[in-house]
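Have the structure open as you read.

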Amino acid sequence: MNLEVMDGYFTALISGPVFVSPNEALQQVLGEEFVFDDNEQAGDIIGLLMRHWNWIAAELQRTVTEPHVYLPVLLEDDTGVARGNDWARGFMNGVLTRPGSWDELLNSEEEGGSLIPMMMLVHEHDPDPEMRAPPIEGDKRQDVITALIAGATRCYRYFEPHRRAGAIENTPLRRQAPKVGRNEPCPCGSGRKYKHCCVQKLH
């Protein structure tokens, strides 16, 4: 992946309803056959990738709590135009990482259009002529890019409750009451030692 594809890919994984670990994402970015020269290089590269992941996550989170716009990394071509095709391809690859998990948004009458600009750009140069979107040129491309930027934010906001619910479900339960020693009085009030009373009922 180049930087633009990776940025789109990370954005989709962070925006989706299902948690995807950064480690899984890094494997896809680097490729299964990638080998580092040494531990120092591994630390440097992984560190940079994780910083970018965390930056995207922080920027998207800001859009939930304040009037902030998340700006994706869109590289310009030789003519100085940011075409957005690579970013859209990375984003849609991220969506497909968890098949079916985005169906709720896709089927939403209000927010389903969030992914339309990504789909337009992904299929603009599709190898299958029947799948190609009409050419996007001039001001129309800028309009699509603007819709893409807004769409990414809308996706993140739409799935925010899902991510929060998932985080709660995956939080390990913690003991709320203080631990009772085996030789201390049983909390049930029997007057017997805990080891001779309720602890035996638990085993």
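In which kind of crossing, left-handed or right-handed, does α2 pass α3? The crossing is right-handed; a crossing is called left-handed if the near helix is turned anticlockwise from the far one by less than a right angle, and right-handed if clockwise.

This is a predicted model, where local features need pLDDT of at least 70 and side-chain atom pairs count only at pLDDT 80 or more, while totals for chains, interfaces and linings use all residues. Residues are numbered from 1 along each chain as its sequence is written, and side-chain values use heavy atoms, with hydrogens and water left out.

The protein has 9 helices and 0 strands, where helices (H or I, at least four residues) and strands (E, at least two) are DSSP runs numbered from the N terminus.

Back to our pair: helix α2 (residues 22–30) packs against helix α3 (residues 39–65) at an angle of about 115 degrees, and their axes lie 11 Å apart. Axes here are lines fitted to C-alpha atoms, for helices over the stretch in contact, and angles run from 0 to 180 degrees between N-to-C directions. On the α2 side, Pro22, Ala25, Leu26 and Leu30 meet Ile45, Ile46, Leu49, Met50 and Trp53 of α3, contact meaning heavy atoms within 4.5 Å.

Now look at the loop between α1 (3–15) and α2, where you will find Gly16. Gly16 counts as buried because its relative accessibility is 4%, and buried means under 20% relative accessible area (1.4 Å probe, protein chains only). Leaving aside neighbours within four places in sequence, Gly16 contacts Trp102, Phe159 and Arg163.

Notes: Buried means under 20% relative accessible area, exposed over 50%, partly exposed in between (1.4 Å probe, protein chains only).
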